[in-house]
Amino acid sequence: MIETIQETENYISSFASFEKSRRASNDSAWLNELRRSALDSFLRLGFPTTHNEEWRFTSVAPITKVPFKLATDARDPGSAELMSFTFGTWPGIQLVFVNGTYSATLSSNPAQPNGVFAGSLAEALEKQADRVQPHLAQYASVSEEPFAALNTAFVSDGAFIYLPKGCVVEEPIHLLFLSWGEKSESRVCHPRILVLAEANSQARILESYASLEQGVSFTNAMTELVAEENAFVDHYKLQRESLEAFHVSTVQVQLGRSANVSTQSISLGGSLVRNHVNAVLGGEGGEATLNGFYLVNGRQHVDNHTSIDHAKPHCNSHELYKGILDGKARGVFNGRIIVRPDAQKTDSKQTNKNLILSEEALVNTNPQLEIYADDVKCTHGATIGQLDAEAIFYLRSRGIDLESARHLLTYAFAGDFIHRLKIEPLRLALESSLFARLAEGEEER
Amino acid sequence: MLEIKNLHAGISGKDILQGINLKVNTGEVHAIMGPNGSGKSTLSQVLAGRETYEVTEGEILYHGRDLLEMAPEDRAREGIFMAFQYPVEIPGVNNTYFLKAALNAIRKHRLEPELDAMDFLKLVRAKLKLMDMDESLINRSVNEGFSGGEKKRNEIFQMAVLDPKLAILDETDSGLDIDALKSVAKGVNTLRSPERAMIVITHYQRLLNYIVHDFVHVLSVGKIVKSGGKELALDLEAKGYGWLEEPVSPVR
């Protein structure tokens, strides 16, 4: 315990000055109370150790050892620099955040018709508290998850997206989070996103995370996505921060009756990455899709912990996580599926497939099914394998060289994830990252 | 074109080929027959360059060059094609994409211009017709979910597109119904030319009813024990392989 206290000391002092500045800006009492109680949870829980079953394969010790400073200032990237993170010209709403703080000048946020709101969470906390308060921190288990608690303790800015009843946003919304640190000072930020999709609304949202600078940074992001009756939300999270970055994220999805949410998590960057994606099917006839892709090399460590809670009958869930690991990279997948006693007619399918390109890469995969209903269909499967030697020979025997054959098969492995991405610029960016990474890998070989 | 001299080869320490001698000239069609375990497939895999097989003795010359020194893709680019006994399923790799990449790798090696999508499609359509193949097959993943017959047709179709100088058919006839067998044979016969040589490896005489071959060799326990004209295949069909148990010196 003593060890835990020392590690959290830095956050306690950060919180003290943070709280002081928030009180000075006249934040509402409920918000300050929420933060204070989240901090208490965090201090009670401490940083997890590998003795905790949920953290068995992922040690966060490297994160706890860095005296991160809470990012309060930021620099604006130039337009050319920004272009490299915005997929050229983004067709729809694009909100840009530097170290978790909304930048109106960098964002492209035309006024939306029909009461749709997409903008800064800080602004929404001030002007639309009646809409935010009932949902903020109401879904993720802030009292049990240390990183969710930590994010909530420091909640101040990020994105708020509000889709009123029946509203359809045609173009995808891009939330771009840029982390900026300096060599001399490592910074932490806690971006927060709240998506409230009312009945029959529809949107496609991409969160992407990138670094403005090389250097150690820590992003502790948290997204809460509420899809009310028959809402349709297609959500993507692209993490391509620097190879020195630490990244912990929580995506908490709450589905109402007949709601349909798919969330895709893509991890390319970061030295130590832990993603939580939790979906609760809280109304009959809901459908949740949790897909993921990780492409790691060197000493990268990526851990995806997912949970799907079938709380009501007649819900479907699909889960496909695919990983490509090279070098000494380490992957962890834990897929928990809970089927509650009255969640009859549940149909759930989970798949985790890993492709190992080197001798030293390693994966731990663990399906975790807890089924308390009897009339359900649940399947799961996990594979860890290398490129098929027979297939490589087959391609070579037709004149395709060894390197191209390896690339073709690696791309084919990723194909069934990549082809499902419905945002074209994202799909193209992922393809080019994959090709670039493959070429690097060949050079090292 | 191809000269195999005293070839010894095996897999994981087990000797399978024990001194194969064979000479194939341009324009010739050779049938190699033999019972299970005689080394037919080992021979075809060694010719195609499968690294799991180890050559312990002997040499193979292809147009005077040491074939065993060449990587599988270089052999293919120099005009060797093997139709697999068990074609590999490759999920996620589109048949058309794969074949275009292969053809253009070979054309590049031959210093010919690469084909664009339009010209490639034209070529592919012509060859599909030759093989009585449905166009939908080539838009699927390589061999994935294909029936046995579709896989074998796909092999001959690839051969037709890649236009090799030396084609090796490894038991392409095994497991085929008569219609599939006929279309495979039709493909092979159409591709027969004075510029091309073929080695047809088979367990059964049946395919040889449809493919016009010049020579038959009988493989037994890793050696060619008998060579002859096409009548030899009929003898084998009538008498089985039993009468060959006494090794006979190869006929040249």
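Which residues in α5(B) meet which residues in α6(B)? The notes below on this predicted model begin with that pair of helices.

1. Helix pair in chain B. From α5(B), the residues B:G149, B:K152, B:R153, B:I156, B:M159 and B:A160 meet B:A180, B:S183, B:V184, B:G187, B:V188 and B:L191 of α6(B). Sorted by class, this contact has seven nonpolar, three polar and two charged residues.

2. Geometry of that pair. Two packed helices are described by the angle between their axes and the distance between the axes. Here the axes of α5(B) and α6(B), the latter being residues 178–191, come within 10 Å and cross at roughly 10 degrees. Angles under 35 degrees count as roughly parallel, and α5(B) and α6(B) are therefore roughly parallel to each other.

3. Contact between the chains. Chain B gives 19 residues to the contact and chain A gives 17 residues. On the side of chain B that touches chain A, at least two residues each come from α2 (72–77), β7 (90–94), α3 (95–109) and α5 (148–162) of chain B. This side of chain B has 14 nonpolar, two polar and three charged residues.

4. The sheet of chain A. Chain A has an open sheet of 10 strands with mixed pairing, in the order β3-β2-β6-β9-β11-β13-β15-β17-β19-β21. At the edges stand β3 (101–108) and β21 (377–385) of chain A; each has a single partner strand, so one side of each is left without a neighbour in the sheet. From one strand to the next, the twist averages 10 degrees.

5. One strand pair in detail. Strands of a sheet pair through backbone hydrogen bonds, either parallel or antiparallel. In chain A, β2 (residues 94–98) and β6 (residues 173–179) pair in the parallel sense over five bridges. Opposite A:Q94 stands A:H174 in β6(A).

6. A helix across the sheet strands. Helix α9 of chain A, residues 402–418, lies across β15 (287–296), β17 (316–325) and β19 (347–356) of chain A. The helix runs at about 155 degrees to β17(A).

7. Domains of chain A. Domain 1 spans 2–281 and domain 2 spans 392–445. Taken over C-alpha atoms, the centres of these domains of chain A are 31 Å apart. Their contact takes 11 residues from domain 1 and eight residues from domain 2. On the domain 1 side, β9 (202–211), β11 (232–240) and β13 (260–267) of chain A each supply at least two residues, and β11(A) gives the most, with three residues. That side has seven nonpolar, two polar and two charged residues.

Notes: Residues numbered from 1 in each chain as written. Chains lettered and ligands numbered in written order. Predicted model: local features only at pLDDT ≥ 70, side-chain atom pairs only at ≥ 80, totals over all residues. Contact = placed C-beta atoms within 7 Å. Helix = DSSP H or I, 4+ residues; strand = E, 2+ residues; numbered from the N terminus. Nonpolar A, V, L, I, M, F, W, Y, C, P; charged D, E, K, R; others polar. Pairing = 2+ DSSP bridges. Axes fitted to C-alpha atoms, helices over the stretch in contact; angles between N-to-C directions. Domains from an automatic or database assignment. Parallel < 35°, antiparallel > 145°, perpendicular 65-115°, else oblique.
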